[in-house]
Amino acid sequence: MIALPRLQIEVTHPTINIAGLDFNVDTIRNTLIVCGLLLVLGAILRSQLRVGVPTQLQNATEAVVEYINNLTEETLQGRNVTLGPLAITLITFLLIANWLGLVPGLKSPTNDWNTTLGLALMSFVLVQYYSIRSRRLGGYLKHLLLVPPYFPLTVIDELAKPITLSFRLYFNIFVGELLLTLIIVLIPTWISWLPGALWTLFSLFIGAVQAFIFTVLTVSYVAIATEVEEGHG
Amino acid sequence: MERAIVLGATVIAFGLLLGLSALGAGIGDGLVSSRTVEGTARQPEMQGRLFTLMVIGIGFIEALPIIGLGLGLFLIFANPLLAQITGK
């Protein structure tokens, strides 16, 4: 009989209790690290800006910003909503946050459901706000209560959006890091670098895709919410 | 005895969870990629936009087996069913 090693895998976060609320210390620390990295990146970019011949860094940044801005504009065509800055902020934050967990010794802030749920709730509030703004309060209530039997379904639909949004991101990052730990623990050391390297490459891809999806979904939820219906709009 | 049954059932559940979700996601990924290749062959100038759409689609599809994998690992490593039996 093969004796499996007793596996002790850390899946809970160390917490401190302040005023009756539990705070996940590592998540807060890692979020601050991501914010610091973004600030440093912004400062470097700021110092590199030229009006004449742009530097390579400036070119690359402008290409990314323009791409996301165009994507947002295309999605929100003909609506009086500007989400470009928000989309760029979200995607840069999430990209660095998702990739932070691949640095040995660090964890992603997004491997905590609290982070992703917070971001998803932000997008939920944003969607409701723009929905009310574009349809007026009467139109918003009419949209919710249009056909009375469907009222619970509409509410569930609206509430399921932030939950699936947050779960998708959280599980992708969480499982990615957990599997990386498992590969190191379970596979013999002389070969564990191979699946480790492959999974790390895949995690890079997953992190980028999930950051992109979160951003695109937030924008397109707002686009759906601000759609002015023809007949009864 | 009960412990062994629960452990075995958990492992079988993990295998089914992982295998079926990977099967579904594999079919889904294949469909998305094949349609993207078809679209690119018909209209090569659309490749950029098609690729973006494909990546979004694959991201959606891949999320499901990964959520399944997360739940499966939870079953294996923090077995809530076993805790019911041992009463801990």
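**Close-up views of a predicted two-chain model**

**Figure 1. Elements of chain B.** Chain B has 3 helices and 0 strands; helices (H or I, at least four residues) and strands (E, at least two) are DSSP runs, numbered from the N terminus. From the N terminus on, the order of these elements is α-α-α. The radius of gyration of chain B is 19 Å, well over the 12 Å that the globule rule gives for 88 residues, so chain B is more spread out than a compact globule. This radius is taken over C-alpha atoms, and the globule rule is 2.2 Å times the number of residues to the power 0.38. Along the principal axes, the C-alpha trace of chain B spans about 65 × 15 × 10 Å. The model is predicted: local features need pLDDT of at least 70, side-chain atom pairs count only at pLDDT 80 or more, and totals for chains, interfaces and linings use all residues. Residues are numbered from 1 along each chain as its sequence is written, while chains are lettered from A and ligands numbered from 1 in the order in which they are written.

**Figure 2. The packing of helices α1 and α2 in chain B.** Helix α1 (residues 2-42) of chain B packs against helix α2 (residues 47-77) of chain B at an angle of about 180°, and their axes are 9 Å apart. Axes are lines fitted to C-alpha atoms, for helices over the stretch in contact, and angles run from 0 to 180 degrees between N-to-C directions. The two helices, α1(B) and α2(B), are therefore roughly antiparallel to each other. Angles under 35 degrees count as roughly parallel, over 145 as roughly antiparallel, 65 to 115 as roughly perpendicular and the rest as oblique. The residues in the contact of α1(B) with α2(B) comprise 18 nonpolar, 11 polar and 2 charged. Here Ala, Val, Leu, Ile, Met, Phe, Trp, Tyr, Cys and Pro count as nonpolar, Asp, Glu, Lys and Arg as charged, and the others, Gly among them, as polar.

**Figure 3. Gly24(B) in helix α1 of chain B.** Gly24(B) counts as partly exposed, with 14 C-beta neighbours inside 10 Å. A residue is buried if 20 or more other C-beta atoms lie within 10 Å of its own, exposed if 12 or fewer, and partly exposed in between; C-beta atoms are placed from the backbone. Gly8(B) is 16 residues from Gly24(B) in sequence and 24 Å away in space, C-alpha to C-alpha. Of the 88 residues of chain B, 11% are buried.

**Figure 4. Where chain B meets chain A.** The contact takes 10 residues from chain B and 13 residues from chain A; two residues are in contact if their C-beta atoms, placed from the backbone, lie within 7 Å. On the side of chain B that touches chain A, 8 residues are nonpolar, 2 are polar and none is charged. For the complex, the predictor gives an ipTM of 0.72 and a pTM of 0.82.

**Figure 5. Gly176(A) in helix α5 (residues 151-186) of chain A.** Gly176(A) is buried, with 26 other C-beta atoms within 10 Å. Gly176(A) touches Ser203(A) and Ile206(A), leaving aside residues up to four places away in sequence. The C-alpha atoms of Gly176(A) and Asn111(A) are separated by 9.1 Å, although these residues are 65 apart along the chain. Chain A contains 6 helices and 2 strands. Its mean pLDDT is 83, and 93% of the residues score at least 70; pLDDT is the predictor's confidence in each residue, from 0 to 100.
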